[in-house]
Amino acid sequence: MKRILLCCAAGMSTSMVVNRMKQAARDQQIEVEIKAVGVEEFTDAMPEFDCCLLGPQIKSRLEDFKAQAAPKRIPVTVINSMDYGMMRGARILADALALIA
């Protein structure tokens, strides 16, 4: 099972994105674990996941989080802001799975 971590500033809108991603995974019959955390939880949560997606509002932290994840070879990227804003769970899920493949 693939494990995807989303990280954002506060967690409210990202929780909605997680729900949309989970629905897309169910629709496509993909077994996946998806969890959202705030920036303060990233360091502790990250090692348990296959990839990490950052909310556009914290894209300034990308290089810091990439550096933390690099020793474990966990890819980190920022969610496309248009997909995030439109809550396009299927697209965000596809992007995450492409990182892992």
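First, terms: two strands pair if DSSP finds at least two bridges between them. Strands (E, at least two residues) and helices (H or I, at least four residues) are DSSP runs, numbered from the N terminus. This is a predicted model: local features need pLDDT of at least 70, side-chain atom pairs count only at pLDDT 80 or more, and totals for chains, interfaces and linings use all residues. Residues are numbered from 1 along each chain as its sequence is written, and side-chain values use heavy atoms, with hydrogens and water left out.

Now the sheet. Strand β3, residues 51-54, pairs with β4 in the parallel sense, over three bridges. Cys-52 has Val-76 of β4 as its bridge partner.

Next, the helices. α3, residues 62-69, packs on the sheet and touches β1 (2-8), β3 and β4. Contact means heavy atoms within 4.5 Å. The direction of α3 makes about 160° with that of β4. Axes are lines fitted to C-alpha atoms, for helices over the stretch in contact, and angles run from 0 to 180 degrees between N-to-C directions. α5 also packs on the sheet, touching β1, β2, β3 and β4. Its direction makes about 120° with that of β1.

Stay with α5, residues 89-100: Ala-90 is found there. Which residues does Ala-90 contact, leaving aside neighbours within four places in sequence? Ala-24 and Gln-28. Gln-28 is 62 residues away in sequence from Ala-90, yet 9.1 Å in space, C-alpha to C-alpha.
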